Amino acid sequence: MPSTACEGGQGTRLFNLISEEFPDINLSTVQRKYFNEGKGLQYIKDLCVPEFNTVEMEVANKYYCLAATAALLKYVEFIQNIVYAPSSVKVVFRGSEQTAMIDVSTARNLELITNARDLSSTQCLFGILNYTKTVGGALKRFLDVDHLLALCIQLPKVETVKTAESKITHVIYLKHVLELVDPLRTALEGSENPLLRGYCDETG
């Protein structure tokens with residue numbers, strides 16, 4: 001897990017729950033900077049045996065999977081003082097059971113999540129189905145916060161108009177997330193789930 005999960009002797013809610021659920025497991029931490037999706041994908045490209053290189057397509061847009069891969073391999077390199085030879089590792093991605101795998105290009109072409117002509121339009125499969133009436137609906141407007149924070153702390157080597165526009169976009173997204181904290185707390189109040197109660201307390 002990232003070292004930020006237990007800084008100052010205070011573990012995050014997730015860190016503590018994993019420790020309680022798996023008391024016989026020793027959790028090791030890695031510096032947060034090593035959870036890097038770009039390096040994770042490059043590791044897979046460099047290390048995966050050719051027979052299994054289609055896995056690149058499966059994980060290309062899976063941020064947490066790639067970030068964890070980069071951190072794990074860096075941890076092995078530091079602790080065991082070894083590196084893997086190029087094209088020597090069998091890499092297989094296993095998602096949740098009883099689910100269908102759709103690559104990003106297919107999802108885009110079928111307009112499953114976004115409209116191909118107008119990204120702001122809700123005329124897509126997700127937009128049609130996204131009419132939840134449950135408390136959990138408060139979560140639907142949240143962005144990937146960890147990914148957003150990772151983007152905010154990345155420093156471009158060369159400043160251009162494009163990088164400046166990206167920074168402005170990230171700040172707007174961050175403001176959007178902060179505005180959703182109060183509605184999230186309201187949605188979680190009264191929950192009987194210990195994890196959700198913990199999240200509610202953290203947002204207070």
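We'll start with the whole chain and then visit a few side chains one stop at a time.

**Before you click**

This is a predicted model: local features need a pLDDT of at least 70, side-chain atom pairs count only at pLDDT 80 or more, and totals for chains, interfaces and linings use all residues. Residues are numbered from 1 along each chain as its sequence is written, and side-chain values use heavy atoms, with hydrogens and water left out.

**Stop 1: the whole chain**

Colour by confidence to begin. pLDDT is the predictor's confidence in each residue, on a scale from 0 to 100. The protein averages 80, and 88% of the residues score at least 70.

Helices (H or I, at least four residues) and strands (E, at least two) are DSSP runs, numbered from the N terminus.

Of the 204 residues, 20% count as buried. Here, buried means under 20% relative accessible area, exposed means over 50%, and partly exposed is in between (1.4 Å probe, protein chains only).

**Stop 2: aromatic pairs**

How many aromatic pairs does a search of the whole structure find? It finds 2. Rings of Phe, Tyr and Trp (its six-membered ring) pair if their centres lie within 6.5 Å; planes under 30 degrees apart count as stacked, over 60 as edge-to-face and the rest as tilted.

Select Tyr 34 and Phe 78. Their ring centres are 5.7 Å apart and their planes sit at 80°, so this pair is edge-to-face. It links distant parts of the chain, 44 residues apart: Tyr 34 is in the loop between helix H1 (13-21) and helix H2 (37-47), while Phe 78 is in helix H4 (residues 63-80). Tyr 34 counts as buried, at 18% relative accessibility.

For the other pair, pick Tyr 63 and Tyr 64. With centres 5.2 Å apart and planes at 70°, these rings are edge-to-face too. Is each one buried or partly exposed? Tyr 63 is buried, at 7% relative accessible area, whereas Tyr 64 is partly exposed, at 47%.

**Stop 3: salt bridges**

Side chains of opposite charge can pair when their charged atoms come close. The structure holds 3 salt bridges, where a salt bridge is a side-chain nitrogen of Lys or Arg within 4 Å of a carboxyl oxygen of Asp or Glu.

- Go to Lys 74 and Glu 77, which meet at 3.6 Å, N to O. Both lie in helix H4, 3 residues apart, about one turn of the helix. Lys 74 is buried at 18%, but Glu 77 is partly exposed at 25%. While you're here, show the neighbours: Lys 74 touches Tyr 34 and Tyr 43, leaving aside residues up to four places away in sequence. Contact means heavy atoms within 4.5 Å.
- Move on to Lys 175 and Glu 179, at 2.5 Å, N to O. They are 4 residues apart in helix H8 (residues 161-179), about one turn of the helix. Lys 175 is partly exposed at 48%, and Glu 179 is partly exposed at 46%.
- Finish with Arg 185 and Asp 182, at 2.9 Å, N to O. Being 3 residues apart in helix H9 (residues 181-188), they are separated by about one helical turn. Arg 185 is partly exposed at 22%, and Asp 182 is partly exposed at 47%.

**Stop 4: one more tyrosine**

Jump back to helix H8 and select Tyr 173. This residue is partly exposed, at 40%.

**Stop 5: a nonpolar patch**

Last, return to the surface view and select Phe 22, Ile 25 and Leu 27. Together they form a nonpolar patch with about 280 Å² of accessible area. Patches are made of residues with over 30% relative accessible area and no salt bridge: like charges are joined within 9 Å, nonpolar side chains (Val, Leu, Ile, Met, Phe, Trp, Tyr) within 5 Å. Phe 22 sits in the loop between H1 and H2 and is partly exposed, at 48%.

Technical notes
Accessible areas come from the Shrake-Rupley method with a 1.4 Å probe; for residues, only the protein chains shown count as cover.
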